[in-house]
Amino acid sequence: MSDTQDTIVQERPLQTEGKKPSEMVNLVGLSREELIETVTGFGLPKFRAGQIWHWIYHRGAKSFDEMTTLSKSVRAELAKICVIGRPDIVEEQLSQDKTRKWLLGVAGGGEVETVYIPETDRGALCISSQVGCALSCKFCHTGTQPLVRNLSAADIVGQMLVARDTYGEWPSPRGSRQLSNIVMMGMGEPLLNFDNVSKAITIIMDQEGISISKRRITLSTAGYVPNIERCGEELGVNLAVSLHAVRDDLRDEIVPINQKFPIKDLLDACRRYPTAGNSRRITFEYVMLRGVNDSELDARELVRLIAGIPAKVNLIPFNAWPGAPFECSDDAAIEKFARIVNDAGYSSPVRTPRGRDILAACGQLKSASERAKRRTTA
Ligand code: SAH
């Protein structure tokens with residue numbers, strides 16, 4: 001269709017008659033194809049979808065009023081039937097170390113937490129994929145909250161939009177950015193909500209919008225093996241694996257999904273993951289639990305297990321939460337563990353806890369309403 005024809009079609013009034021407020025369409029979280037379908041379904045030409053995409057994801061428009069490349073009448077009509085929905089900010093906290101945490105109310109009910117971890121000239125946004133979590137890892141605060149539901153693609157992309165609003169990163173910066181990286185390491189297991197996670201990450205990677213490259217996105221899984229391959233094929237993002245134990249008997253206990261997908265299956269899937277040779281490595285996360293998984297023997301077994309996988313090992317000092325049944329390993333044990341892994345040729349950084357004062361560190365996330373519930377029933 002030529003531009004001239006597009007313009008003629010666009011002159012027609014939109015087919016908006018008789019829509020009820022409950023039928024408002026949220027344009028956030030639609031794939032490009034779905035947006036085109038929606039927009040042409042209203043009687044608008046296809047190229048308008050591209051413009052709307054640009055306004056939402058490149059310019060950060062929150063209302064149709066801002067979309068000045070659309071005629072006033074089209075903007076007014078769109079506002080009657082569509083929204084550019086963002087999660088509600090229920091609470092926002094800033095840590096002494098400048099880590100920021102939002103408690104967000106998402107469409108359909110429920111709350112999730114999103115965390116921004118700033119570095120000097122960049123920073124990572126830690127995004128949630130589910131309200132609660134089904135996996136019940138024993139050291140994880142989120143794991144004490146049952147799975148409430150999967151987040152929609154709109155809820156997932158919406159976390160990025162809220163963060164960008166807060167840091168004023170609209171339009172999408174070409175050069176350096178505060179929100180430079182994304183880690184799918186918030187509440188929930190992203191590979192158990194993979195359809196929505198994949199859709200959301202595809203939107204976030206789109207170069208005519210938020211435009212974050214797959215090299216700057218890391219998806220962390222506790223080991224839902226069946227979707228690891230899909231993650232590599234569909235998204236090609238960096239993979240992080242929450243290993244945390246080197247023997248099945250221990251891992252069965254502290255990361256119970258191991259009972260279905262044991263260490264061998266998990267590592268086989270890692271071996272098959274596309275890492276483009278050694279240039280991109282799989283990150284193995286390993287929470288340091290005093291007297292549980294932090295011995296020299298554990299470190300040596302870890303090195304033996306991951307032999308042949310382009311990998312790095314991220315050691316995470318255990319972050320305590322009220323009632324947690326573990327303690328963090330002492331510094332000497334962590335250091336010794338790191339040295340053994342490092343001497344075997346794997347980079348083994350110890351993750352500095354960030355935002356502990358506002359319960360924003362790894363494994364501390366939980367809906368505030370859930371915390372309140374526990375307080376009243378305790
Ligand atoms: N479900 C995914 C995403 C969560 S990522 C996964 O399990 O990978 C969060 C990371 O923090 C995971 O490696 C998780 O195991 C780790 N973690 C959970 N609780 C923790 C705690 N209390 N202290 C330190 N790390 C923790």
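**View 1. The ligand in the largest cavity.** In this predicted model, the largest cavity is where the ligand sits. The shell around the ligand is made up of 20 residues. Phe139, Ser220, Ser242, His244 and Asn319 are the closest of these. By residue class, the shell comprises ten nonpolar, eight polar and two charged residues. Three strands each supply at least two residues of this shell: β10 (217-221), β12 (282-288) and β13 (311-317).

View 2. The protein buries 95% of the 530 Å² that the ligand exposes when taken alone.

**View 3. An aromatic pair, Tyr224 and Phe261.** Six aromatic pairs are found in a search of the whole structure. One of them, between Tyr224 and Phe261, is shown here. The ring centres of Tyr224 and Phe261 are 5.5 Å apart and the planes stand at 90°, an edge-to-face arrangement. Distant parts of the chain are linked by this pair, since the two residues are 37 residues apart. Tyr224 belongs to the loop between β10 and α7 (228-235), and Phe261 to the loop between α8 (248-254) and α9 (263-272).

**View 4. The cis peptide bond at Pro171.** Trp170 and Pro171 are joined by a cis peptide bond. The omega angle of this bond is about -15°. Pro171 is located in the loop that runs between α5 (153-167) and β9 (181-184).

**View 5. The backbone at Ser211.** Ser211 is a residue other than glycine with a positive phi, near 55°. Ser211 lies in the loop between α6 (194-205) and β10. Strand β10 (217-221) is also one of the strands that supply at least two residues of the shell around the ligand.

How values were computed. Residues numbered from 1 in each chain as written. Predicted model: local features only at pLDDT ≥ 70, side-chain atom pairs only at ≥ 80, totals over all residues. Heavy atoms only, no water. Near = heavy atom within 4 Å. Areas by Shrake-Rupley, 256 points an atom, 1.4 Å probe, with all protein chains shown as cover. 1 Å grid on protein atoms, 1.4 Å probe; cavity = no way out; pocket = protein on both sides within 12 Å on 5 of 7 lines; lining within 4 Å. Sits in = over half its atoms within 2 Å of the grid points. Helix = DSSP H or I, 4+ residues; strand = E, 2+ residues; numbered from the N terminus. Nonpolar A, V, L, I, M, F, W, Y, C, P; charged D, E, K, R; others polar. Phe/Tyr/Trp six-rings, centres within 6.5 Å; stacked < 30°, edge-to-face > 60°.
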